[in-house]
Amino acid sequence: MHENLYFKIPELRLPAEFFSNTEVVGNPASSQILDFMNTAEQGQRTRLLQTSDKESDWVTGTIDEYVAKQLVEWCNEKFTIRFTNAYIIKTDPGKNGDWHCEGPLLQNRLCALNFLIQGDLGTTKAEWGVHKNYDVDPDFIDRYISKGVKHEDVDVVKEYVSEDNIPFFYNTACLHRSVNENCTSPRTVLSVSAPFNIGMKEITKMYENGTLFR
Ligand SMILES: [Fe+2]
């Protein structure tokens, strides 16, 4: 139903040094609209639509500023696109993240390069969904939702169970969430944002054409 939700980049391995940064150090913010300036020079505004009134079991925040910069630079050395920022998403064991999306209206990002640095392989997963009340292109759902998205209003269309730590591009325009309900370890993802106007279709095409890597 929706083809461009994720794909793995087996050619890429995250250096071990980045795996030790599993702590959220900057303003962990959940259940609200996150609005922070990124740490990179671009000064691109980063907004994440995550609107839920309930106590949340996941946090999104910044990692150490220096480490974030190193990570973005490391990605920019590998790829022809320029990544804009990096942050961390942590979901507690036994819990799931909230359904949310991050673009295109928000001009934050359409997709991200994600690195799972902590989590129960074979169990922890990501899910994508479509809103039951809106029969629209799932990559443009952010025009229609302004309040929190309840789980009962979502049809899950795809899941990706992490069997390994291979980096993966991840569609963040379509509704998505982290699912860590049957796990004993936190699910921790370093998430590096693609430019706000480059989506999964473009990334996939570049990957297939051989123009994604430097
Ligand atoms: Fe997200």
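Predicted model: local features only at pLDDT ≥ 70, side-chain atom pairs only at ≥ 80, totals over all residues.
Student: What makes up the chain in terms of helices and strands?

Tutor: The chain has 2 helices and 13 strands. Of its 214 residues, 40% count as buried.

Student: Why is N165 called partly exposed?

Tutor: The class "partly exposed" lies between the limit for exposed, 12 or fewer, and the limit for buried, 20 or more. N165 has 15 other C-beta atoms within 10 Å, so N165 is partly exposed. N165 is placed in the loop between β10 (154-161) and β11.

Student: How do you know that the span of α1 agrees with its number of residues?

Tutor: At 1.5 Å a residue, the 14 residues of α1 should span 20 Å. The end C-alpha atoms of α1 are 20 Å apart, and therefore the span agrees.

Student: Which residues of α1 are buried, and how do you know on which side of α1 they lie?

Tutor: In α1, the residues A68, L71, V72 and C75 are buried. They cover an arc of only 95° around the axis, so they lie on the same side of α1. An α-helix has 3.6 residues a turn, so residues three or four places apart point the same way. On the other side of α1, Y66 and E77 are exposed. The cover over the buried residues of α1 includes β5 (58-62), β6, β8 and β13.

Student: What makes A86 stand out in the largest nonpolar core?

Tutor: This core has 37 residues, and A86, C111, L175 and V192 touch the most other members. Among the elements that each supply at least two residues of this core are α1 (65-78), β6 (86-91), β8 (111-118) and α2 (200-209). The largest share, 5 residues, comes from β8. Not counting residues up to four places away in sequence, A86 touches I63, A68, L71, V72, L190, S191 and V192.

How values were computed: Residues numbered from 1 in each chain as written. Core = buried A, V, L, I, M, F, W, Y, C linked by C-beta atoms within 7 Å. Helix = DSSP H or I, 4+ residues; strand = E, 2+ residues; numbered from the N terminus. Contact = placed C-beta atoms within 7 Å. Expected span 1.5 Å × (residues − 1). Arc of directions from axis to C-beta.
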